[in-house]
Amino acid sequence: MTQNEKAAAAKKRKHAIMIVLLVVVFILFIAPFILVLINVFKDQADITANPLSLIGEHGFTTKNFPDAMAKMDFFNVFKNSLLITTCATILTIIVSAMASFVIVRNGKWKACSMLFALMIASMVIPFQVLMVPLVSVYGGVFGILNSRLTLILMHTGFSVSMATFMFHGAIHSNIPLELEEAALIDGCSRWQTFWKIVFPLLKPTVATVAIIDAMAFWNDYLLPSLVLTDKEIYTIPIATQAFYGTYSTDIGLVMAALLLAMLPILILYLFLQKYIVAGVTAGAVKG
Amino acid sequence: MKATLKRVVALMTVLAMSVLLLAGCGGSSGGEEAPSGSTNGITIFNSKMEIQDQLLQMAEKYEAETGVHVEVYYSSDTVSAHMATRYSSNNPYTLSMVDAKDIYSLAEEHAIPLDDEEWVKDTGYAISIGGHVYGFPVCVEARGIIYNADAIKKVTGKDFDPEQYKTLTAWKGLIEELKKGGMESPTGVMKEDWSLGAHYLAQVYEEQDDPDAFLMDLSAGKVKLMENEKFNSLMDTFDVLMENNYAKASAISAEREISEKKLAEGEIAFMFGGNWDWSQINQFDYTENMGMMPVPQDLDDGMNEMLVGGGSKYFFIDNSSNTSEEQRQQAKDFLNWLVYNENGQSFLVNDCALVPAFSNIELPISDPLGASVSKYTNDGKLIPNYNYMPDDHYAILGAMFQKYLAGISDREGFAKDVETYWHTKTLTSHSE
Amino acid sequence: MERNTMAYKSKQFLMFAGPALILFCMVIIIPFIYGLFLTFTSWDGVSAEKPFVGFANYVSAFKDAYFWSAIGRTIIYSAFAVVFVNVVAFLLAYMVTSGVKGQNFFRAGFFIPNLIGGIVLGYVWKFVFNRAFVAIGEAISGGTVPSLLSTTGGAMFCLILVSVWQYAGYMMLIYVAGFMSVSDSLKEAAMIDGCTPSQAMRNVTIPLMRTSFTTCIFLSITRCFVVYDVNLSLTKGEPFFSSVMAAMHVYNKAFTYKDYGTGQAEALILFIVCAIIGITQVYVSKKGEVEA
């Protein structure tokens, strides 16, 4: 008993130290955002004069929000971003999980190992290398730019490598082969085995990939700016970009736009957290 | 297991539906909204951030007035990179606003000649290549020393008259006086590479008798900058700016907004810049008693009575099959509207606070820096911009100039850097 | 079953990997090949003419001293950033999976930097370094304090710091998934066998997390090697090119200096350097991974 109590006390102490550490790091991590939050309620002169003051000389102002929203055509671009991010994320998860399954389980097939090697290699291609060729081919030759569907497919194409890479790791080390073999013996086809047995076990990785990709799509500027040319179908980052300039910037507006752009993805993240936690159960299957 | 399968099926259905929905949207937006390729209205690319707001508002009024739909676009990307992607994807703007150097690289292949336009006779700033006019000048911009007259008067007690401080000796005297009077550091220096490299250093070339010949000689190794009168004269002035810089201790981390704020509010009295700085200065508690003066120099070649500048930002009209004849006409009409319509003129001068490049526009310039530029322009006291600089000039030599500003290299080292840079270039003459 | 026939294999492969393969080729392989072709031309980026120049662009890329110093700088930057990102991320992941109160809250918090794009991040931090830090520094010392960003070593330091700040939360997420996949029963079994918690960590948890390490290290290497956004908005390569990373140099070469062919050729060289490092790393660590 005393042994256990001792252990419990040691654990408590350890947790206390950890919490202190976490709080300190946490403050470091969000300090810049607090700065954003403070300055979003000030006008530009006050921001430049003293970025650290809580309220500027010209007083507290909320005008940055309606201004930013109007200039961005917020609800429309929000709708576009949501649509594009959702579709591209789901598509990425489905095609990459499928691809990684066949790659892991049939690693000896030439096609599999080649595809995987190509994908890994492609992850280090700087986007700037592909930028002009990409628009030359799909705009210049096929003329299919300026559509949300094209953007969704391109987003998926660009993120498939990394998602496959991550699912590859997860299937490789966390999904026991015995389970699949059992399913096959029970008469499942491989297609069924994948969807019924393997995919559900990948939940923590799905949640991770979903967050990472959704965030990347939500924030991506360069690719959408190349693909989408009509204002009607702009996404949030393109609309926000209108605030930055070479010769002048309205920092207050930028900060407001920034907050508006961040909120949805933050909410998504908090929501998906649960599934990452649910990974504990998924992992336990293996033991 | 069943439940999971159901969920997967549901997911797939949602996905399929959303894809279909999107395909539908894509189709319909092509149908009603008229993409840039169709004949209904024109698209304008704006590369001058500070007038984006005004352009957007103008577009609405313009449509109400003329019935022509105008879409205004802006990109914070490098102008040439943005143009490259638009041309690669076969999706050019009807009217594109670019920098002078871009006109030289783009126009012959992508622009229509504007020789027969009425406005050509009313401006001295249009860009012609091979005998054809391609570039419509959006405005005139000039650089020199920006001063805050109120700040000076507050210390000296006298009205500030820039005419009296044309020479470096006189100007230095004034700075000493300001320092004695309590203004510890009367100047500001922008550390931006474009300000140092493309503006201040460029002035060394532009103030030569024949800039083109000078640069040819420089690249051929025939010029020793340390022996060049102009280089030394301008660097002497720069040394004074540097010596009295409020941010002397950390000159290359001085932020532009802070310098402009100090100038606007009179904490410092002088800064090298241009009339585009007004869009920054007017964000702060500024005084109207500001203006621009030539860079003071002790040489008596008359250059210390002139600002350096000329046309800035040019419109060209796309010549590809993506733009219809009708759109080209609408674009030409728009340019004419800017020059000859009362509302167009007022848009340029009052809304955008630009100095127009057209002699027929007589509206008074509202901002003090623009007013100075306009005065020097009308008096013919403007040294023309040199528009043929190699594309990497401002970045590379801007960085070398920053080294000088930071005290890492001295004048001799900097001169050597400039010479070395030019030695790697093979130039062709541009004199027409 | 006819599991060894070509037909079976192709059917299986296409059924699972087909969609990914098609999208991947369309978006990456085809443009890449076209880009490769462009490195043999002296195209300026906008002209309709693409004159063929053979290997001239590669010759000038090899002669471009700025490019090679940018590559060297990128390697140094990546080395520091990768180590610190992973150490910080691993420690954070350990702490937020240890069962402390509010661990979900912390997980969310550490991830926040990833919620906004690199460009904006850079601007926010520039603001912090140039204004907030300077203001604090001046309040303490009483004199003028130069911004870290204006010194040659300082700019690199800032870049590394911001990268760690930006990616640690991201990599933490992957490490968290790794920690969670190591079942508690295994750890408990080790403890019952007489392992101390730190021994259990070293001998059970870490080996089982090799996949997470492989993933995170690979991801951080590739991210760091092609860093552009933060570089642009935080330092812009200043002062005096001392913080120009390879991707930024390539972009400038191609678009700002309008030497598209050379820029593209340099990008290709960058890609090869990066691919060699990345693939070697994955190969080496995959070899040592514990099979499930």
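**Reading contacts, domains and burial**

Reply: Between chain C and chain A, the contact takes 81 residues from chain C and 81 residues from chain A, where two residues are in contact if their C-beta atoms, placed from the backbone, lie within 7 Å. On the side of chain C that touches chain A, helix α1 (residues 6–38) of chain C gives the most, with 20 residues; helices (H or I, at least four residues) and strands (E, at least two) are DSSP runs, numbered from the N terminus. By class, that side of chain C divides into 58 nonpolar, 18 polar and five charged residues, with Ala, Val, Leu, Ile, Met, Phe, Trp, Tyr, Cys and Pro counted as nonpolar, Asp, Glu, Lys and Arg as charged, and the others, Gly among them, as polar. This is a predicted model, in which local features need pLDDT of at least 70 and side-chain atom pairs count only at pLDDT 80 or more, while totals for chains, interfaces and linings use all residues. Residues are numbered from 1 along each chain as its sequence is written, and chains are lettered from A and ligands numbered from 1 in the order in which they are written.

Me: How many residues does the contact between chain C and chain B take from each chain?

Reply: In general, the size of an interface is often given as the accessible area lost when the parts come together, but here residues are counted. The contact takes 20 residues from chain C and 21 residues from chain B. Helix α11 (residues 246–256) of chain C gives the most to the side of chain C that touches chain B, with three residues, and this side holds nine nonpolar, eight polar and three charged residues.

Me: What is the secondary structure of chain C?

Reply: Chain C comes to 12 helices and zero strands, and its C-alpha atoms fill a box of roughly 80 × 70 × 30 Å, taken along the principal axes. Of the 292 residues in chain C, 51% are buried, a residue being buried if 20 or more other C-beta atoms lie within 10 Å of its own, exposed if 12 or fewer, and partly exposed in between, with C-beta atoms placed from the backbone. Among contacts in chain C between residues at least 6 apart in sequence, 73% join residues at least 24 apart.

Me: Which domains does the assignment give for chain B?

Reply: Domain bounds come from an automatic or database domain assignment, which for chain B gives domain 1 (42–141 + 310–382) and domain 2 (153–308 + 389–423). The centres of these two domains of chain B, taken over C-alpha atoms, are separated by 29 Å. In chain B, 14 residues of domain 1 are in contact with 14 residues of domain 2, and helix α14 (residues 368–378) of chain B supplies the largest share of the domain 1 side, six residues.

Me: Why does A126(B) count as buried?

Reply: A126(B) counts as buried because it has 22 C-beta neighbours inside 10 Å. A126(B) is found in the loop between α4 and β4 of chain B. Leaving aside its neighbours within four places in sequence, A126(B) is in contact with V120(B), V133(B), G135(B), F136(B) and P137(B).

Me: Which residues of helix α4 (residues 100–110) of chain B are buried?

Reply: An α-helix has 3.6 residues a turn, so residues three or four places apart point the same way. In α4 of chain B the buried residues include I103(B), L106(B), A107(B) and H110(B), and what covers the buried residues of α4(B) includes α3 (79–88) and β5 (132–148) of chain B.
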